[in-house]
Structures are given as C-alpha cells and as structure tokens.
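Colleague: Hi! Could you walk me through this one before I set anything up?
Modeller: Happy to, let's have a look together.

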Amino acid sequence: MTLRVAIVGGGPAGIYAADILTKSETPVSVDILERLPAPFGLVRYGVAPDHPRIKEIIKALQRVIAKPEVRFLGNVEYGVDVKLEDLREFYDAVVISTGAMADRDLGIAGEEHSLGAADFVSWYDAHPDVPQEWPLQATSVAVLGVGNVALDVARVLAKTGDEMLVTDIPAHVHAGLKAKTITDVHVFARRGPAYAKFSPLELRELNHSPNVEVIVHPEGFDVDEHGMAHIAEHKSQKMVLNTLTSWVGADPVGKPHRIHLHFAEAPVEIVTDEAGRVTTLRTERTHSPNADGRVEGTGEVTDWEVQQVYRAIGYRSSPLPGLPFDDRAAVIPNDGGRVLDLDGDPIPGTYVTGWIKRGPVGLIGHTKSDAAETVGQLLAETTPTATARRPEDVDAYFAERDVAVVPHTAWERIDAHEVALGEAEGRARVKVATRAEMLAAGRVRPVAPTQINPSSFP
C-alpha cells in the first residue's frame, strides 16, 4: 500500500520534506497544499529581487514538485478551504510547514508608528495578497536589525528604481521605488560589530551599487575581549568584521545615496509629531559587560532625525486553526517534528517542519536537516491505512467546495507567462502581481481576492 502524506505549505521546508519522503524506501503519495497560486514560499516572496543567484534554489525545488509521486495543489488555504480533521480523512499523515512571515515586535514606545520589514519585502516581491502601494515619502529612514533581511531592506530603500528594473519586479514596484525621495538609510544594531548577523557575501554586496555608498560610523565600533572570543569561534563573523573594519573611517566618495551602519545603539523610542508622523528615532548607547553577548544601556541617548522606521529584527510564525501554538516561542510545540498537544503528548499523524517547527533561524542547509528529522519520525511511526483516500477523492472534495485549485500544470503556465513578460522587456522574468492575473495565466477560473493582514499595511 502507498503512504498518503499531506504537506501544508509549499516553501523550501515543505518541498524538502516531500523530496525526502519520495527518496525513502516506503511507497508514498504526497500532496503539497499551498495558500498561494505559486510554490517556493520565501524563496519567491522573501528574497530580494536583486539577488537572483539565491533564487537558483527554485530550480531544485521545481524538480521535486514535478515528481510523479508529488502533487502541488496551490490556492488552497488551510483553515479555510480544508481543516485538519478533513486532512486526516484523506491522508495517513499531515506535515505542517507554513513558515514565518510576520514581523517580531520591538517592545518600545511608539512602535505602532514603525513599518514591518516583512511587509515591505512582501510589497517589493510582489506578493499577490498585499496592497500595491507603499509609503516612501521620506528622505532619511531607520532600519532596526543586523540580519540579512535588514540589509535587503536597506539596499532596496537606497538603490534607485531604475537599478532594480533589471530584476523581476513588476511595474507598480518599479514606479514606487523610482518615485522615492530617500537619500539616507541608517541601520542600527544593539550590539557591537562582532555580533552582526549579516552573511559576508550579503554585506560586501551592500557597497556594489554605483549610486550607494556605505558609511560605518566609528562610534560604538568596539570589539572587546568577549567579542574577539566570539569571532574566534565563528569564521563568518571574522569575515564580516574584516569587511566592516575596511569601511570604518573611509573618505566619502559623494554618491547620491548613503547606507549608514551604527553599532551598539539600542532603539528606545519612536517619536512622532502631533499628526502621528515619525520625526525621530531615539537610541541608547550600549555595551556588553559579559561573555554572553547581552547588552546593557549606558544612559547615553541620541536622537536621529528620520521620517520612517523599519523593524527588521526577525520573523514570527502565526498560529493555525486546530493546532496548538507556543505564543512565546512562536512555534507549534513538537518533539523532533512530532506535534505535541497542550499536555505534551504527541498528536497522532501530525508533524511539523521548518520555521514553524524551530523558529525563523538557520539557512537552507538547516531546513534540509530539519525536514530529514521530521520525515524520519513520520516514517518510523506511520503505516499506510486502507481508510486513506485516493488523490481523486481530494480533487472531488475541493471541487464540491468550489476551491479554484492551482495544480502543477497551471503553475507551469503561470511560470511561462512571467518568463514571456520578462522577455518582452529584456529581462529574465516579470512577476505577476495579483492573484486574479495568476489564475488567469494558469487558466484557472478566478475567485474573490483575499488579503493577508491588510490592517498591518500602511
């Protein structure tokens, strides 16, 4: 008999789980249920458009969803179009891999006036369920965070719109970036440079634009004995520090846009005028008194004149209907991938992988090993049952509920349509920006549009 598995979420974590399942000795049939009409999750909707080499991973993911044992079922929303109890009727096991796409909170005064980096990324990556307008009426902005997402946000804010036109951005994103008035982007880190979480390659690319120069401010650029010990244990941190050190004190070259890197500055308040417009980011100088890298405030406060503040301090997963959720850790409680109920007991046939399992940390390599752990648990505990229904029964279920499912063949048509749009403009691809146009390109009947957390967008 064939083991029937449903994977909820079509990003890298879910697709890697499908790949590992199909390579096992157990005969399997895998359905990947994805809320969007397109697969690939944050690789498609979370990677900056001027980083096409990172998107090369899509080619490998595409080969997985094209396997005969795997079905991609896009435009299917868990909790709306299908519930956990329904999936249990059709499948021997369910794997949740919905990832994380909400912004973490800062916990400072005036935070409600900040903008989420995840929301901005969704906008410039042409996510089909977000508004097509983004406020860019500022000259000086602050980005809080020292990860690669913070660098992506800073770089896109600083670059000219025309520089981005060689990428896959659609017309509305190009128009928004071309019209922006930003000249200075200030990136703030709570800790010193020894603890910056940038990857070395991402950091070096920050200085490649002909229109943007990087300024590393010497204030707070200190590496104490604890920082040196941390660098000694992490090769990539040493590479990052070497790059930053080469930029400290460099003479300005007069480019029209600037990215400023500030270290040991913790945000404490976002100040607005009477109309609620951001006028100031207030920070406090910090130092690291202990070897654990934690920081303490020194009492030295600085006000920075900015008109926008972006939170880029990490992503956060969201709870799902019918499943337990650890709100503090923002993950589904689990033991090595087995979903646990509120009493700590495993929920039969229910598993989790990716960021919804372990939190938004790690690179693609971690996602693969994470999926391997989960699939190992699943295969050790699950056997095919005669009650699991056939794929055509799943199709009938969605047809009865009038769900406009996007199968793999329809996604291939959407993909070809985007490539054709790009060829017409001398680009590799132009993304389709609306769900309705995606369904039309895939020759799937249209459905009413939906939006994700529309109130969170400005």
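Colleague: Let me start with Arg285: is it buried or exposed?
Modeller: Arg285 is buried, with a relative accessible area of 16%. Keep in mind that this is a predicted model.

Colleague: Which side chain does Arg285 meet in a salt bridge?
Modeller: That would be Glu265, with an N to O distance of 2.9 Å. The pair links distant parts of the chain, since Arg285 sits in strand E12 (residues 278-287) and Glu265 in strand E11, 20 residues apart.

Colleague: And how does Glu265 count, buried or exposed?
Modeller: Glu265 is buried, and its relative accessible area is 3%.

Colleague: What does Glu269 form with Arg282?
Modeller: A salt bridge, in which the closest N and O atoms are 2.9 Å apart. This pair also links distant parts of the chain: Glu269 belongs to strand E11 and Arg282 to strand E12, 13 residues apart. Glu269 counts as partly exposed at 28% relative accessibility, and Arg282 is partly exposed too, at 24%.

Colleague: OK, how many salt bridges does the structure hold?
Modeller: There are 33 of them. Some are joined up: Asp50, Asp152, Arg155, Lys159 and Glu202 are linked in a network of salt bridges.

Colleague: What about Glu418, which residue is its salt-bridge partner?
Modeller: Glu418 forms a salt bridge with Arg429, and the closest N and O atoms are 2.8 Å apart. Glu418 lies in helix H14 (residues 408-424) while Arg429 is in the loop between H14 and helix H15 (435-441), so the pair ties together parts that are 11 residues apart in sequence.

Colleague: How accessible are those two, starting with Glu418?
Modeller: Glu418 has 0% relative accessibility and counts as buried, whereas Arg429 is at 21% and counts as partly exposed. The cut-off for buried is under 20%, so Arg429 at 21% does not count as buried.

Colleague: Since you mention E10, which way do E9 and E10 run?
Modeller: They run parallel, with 5 bridges joining E9 to strand E10 (residues 257-262). Within that pairing, Val214 stands opposite Ile259 in E10. Strand E9 (residues 212-216) is mostly covered, as 4 of its 5 residues are buried.

Colleague: Now helices. Which residues of H7 are buried?
Modeller: In helix H7 (residues 171-179), His172, Val173, His174 and Leu177 are buried. The buried residues of H7 pack against H5 and helix H6 (148-158).

Colleague: Last one: where is Asp125 found?
Modeller: Asp125 is in the loop between helix H5 (117-124) and strand E7 (140-144). Its relative accessible area is 0%, so Asp125 is buried. Leaving aside neighbours within four places in sequence, Asp125 is in contact with several residues, including Arg44, Tyr45, Lys55 and Lys431.

Key:
Residues are numbered from 1 along each chain as its sequence is written. This is a predicted model: local features need pLDDT of at least 70, side-chain atom pairs count only at pLDDT 80 or more; totals for chains, interfaces and linings use all residues. Side-chain values use heavy atoms; hydrogens and water are left out. Helices (H or I, at least four residues) and strands (E, at least two) are DSSP runs, numbered from the N terminus. Buried means under 20% relative accessible area, exposed over 50%, partly exposed in between (1.4 Å probe, protein chains only). Contact means heavy atoms within 4.5 Å. Two strands pair if DSSP finds at least two bridges between them. A salt bridge is a side-chain nitrogen of Lys or Arg within 4 Å of a carboxyl oxygen of Asp or Glu.
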